[in-house]
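User: I'd like to learn how to read strands and helices in a model. Could you walk me through it?

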Amino acid sequence: HILSILKALYFNIISETKDSCTLYIPFSREFDLEREVDLIEEIVRISGFTSFISIVPCFEKQGNFSKLEKIKRLVRKTFIELGFNEVLHYSISNIQSGNQLELKNPIVPESTFFRINLLNQLIQKASLNRNQKNNVLEAFEIGRVYSVMNGNIIESELISGIFGGNLYTSNWNEEGKVINWFEAKGVIEHIFDVLGISVIWVKSSNHWMNLLHPGRTAELVANNQCLGFFGQLHPMIAKANSLVDQTYVFEFNLEVLNTLWQAKQIYTYKPYSPFPASQVDLACIKKDNISFTEVENRIRQIAGPSLESMNLFDYYSGSPIPPGYHSLGFKLRFRKFDQTLTNEEVESIVKKVTNSLVKDFD
């Protein structure tokens with residue numbers, strides 16, 4: 001049947017065997033048919049696509065996703081569950097900055113430079129969305145960026161996002177309010193809780209100061225590796241793009257996250273204590289140059305294993321707090337696995353904690 005089709009199309013059959021044949025291409029088709037796959041297409045067109053049965057190929061070994069693909073799917077799923085939208089942009093744009101790859105012969109001026117981050121395009125789209133009177137854009141993007149360092153081209157895969165500006169109400173008789181910095185920080189902490197990666201929030205370097213608020217920006221570090229940053233958009237940038245001041249952005253390196261992430265194959269269940277917990281609120285006033293992490297670590301160190309959890313529920317600066325200081329409010333929960341904690345035991349632990357904070361941090 002195949003040979004009859006080839007002859008009808010004026011192919012000259014030179015030789016044939018049980019499994020294959022050799023033939024000459026007609027002179028009028030020599031620039032059209034160059035590979036074996038082109039001949040197969042000719043046969044399929046004449047015979048008809050309905051003559052070929054679609055069969056899923058069978059493999060002895062089942063394929064699987066790479067670890068990087070698994071973490072991308074997990075992060076994507078988590079952000080979508082939080083109400084984010086996934087967006088996609090071209091890797092080439094007209095935004096110019098330092099250490100950037102440039103095309104020598106771009107087709108159009110708008111496609112001249114390879115992007116070095118994902119945020120610039122996200123901010124542009126959020127601004128366009130705002131100017132068109134649409135709802136606030138809360139979005140994330142997973143994509144590749146390119147830069148030049150010491151003559152070498154560096155390609156990285158990042159996840160970046162922008163959110164904030166929506167109004168939320170907790171009671172019918174209250175006016176809507178936008179998410180604040182600490183609430184936005186909680187969104188990012190939730191992502192790392194899902195990934196099971198313990199991060200440390202440190203003061204950001206000057207690398208992003210022209211884009212982000214200098215006092216509300218932090219870098220996230222894990223295992224002495226910088227994962228990326230989170231912060232509030234600089235008020236001048238927000239105003240120039242018609243965005244509200246409480247707009248927050250983040251950008252993390254997926255390849256670094258992948259090295260730290262451990263895919264959970266087995267879930268470990270821990271027993272819980274049948275004895276009741278004791279909860280204590282502890283407030284302190286500390287200097288601005290003392291980090292929250294130092295205070296948190298000292299409280300956990302002094303309180304010992306009886307401290308089940310510790311949460312920061314209040315932060316305040318301003319009158320009557322002296323300049324250079326701010327107050328923190330902690331909610332401490334104590335519990336033992338073998339007996340009920342007495343009030344005297346809890347008071348003794350809290351007294352040791354407060355004495356240590358007064359002595360070491362004034």
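**Strands, a turn and a helix**

Analyst: Happy to, and keep in mind that this model is predicted. Start with strand pairing: strand S6 (residues 139-149) runs antiparallel to strand S7 (residues 152-163), and eleven bridges link the pair.

User: Which residue of S7 is the bridge partner of Ser147?

Analyst: Ser147 is bridged to Ile154 in S7.

User: And what should I look at in the hairpin of S6 and S7?

Analyst: Look at the backbone angles where the chain turns. Two residues sit between the strands here, and Asn150 has a positive phi near 55 degrees.

User: Which other strand pairs with S7?

Analyst: A strand can have a partner on another side of the pairing list, too. S7 also pairs with strand S11 (residues 248-253), again in the antiparallel sense, over six bridges.

User: Now helices. How do I read the span of H8?

Analyst: Compare its reach with the expected value. Helix H8 (residues 292-303) has twelve residues and spans 16 Å from first C-alpha to last, close to the 16 Å expected at 1.5 Å a residue.

User: Which residues of H8 are buried, and why do they line one face?

Analyst: Val295, Glu296, Ile299 and Ala303 are buried, with under 20% relative accessible area. Looking down the axis of H8, the buried residues lie within an arc of 100 degrees, so they line one face of the helix.

User: What covers them?

Analyst: The cover includes strands S12 (278-287), S13 (307-316) and S14 (325-334), together with helix H9 (343-361).

User: What comes just after H8?

Analyst: Gly304, with a positive phi of about 80 degrees.

Methods. Residues are numbered from 1 along each chain as its sequence is written. This is a predicted model: local features need pLDDT of at least 70, side-chain atom pairs count only at pLDDT 80 or more; totals for chains, interfaces and linings use all residues. Side-chain values use heavy atoms; hydrogens and water are left out. Two strands pair if DSSP finds at least two bridges between them. Helices (H or I, at least four residues) and strands (E, at least two) are DSSP runs, numbered from the N terminus. The expected span of a helix is 1.5 Å times one less than its number of residues. Buried means under 20% relative accessible area, exposed over 50%, partly exposed in between (1.4 Å probe, protein chains only). The arc is that of the directions from the helix axis to the C-beta atoms. Contact means heavy atoms within 4.5 Å.
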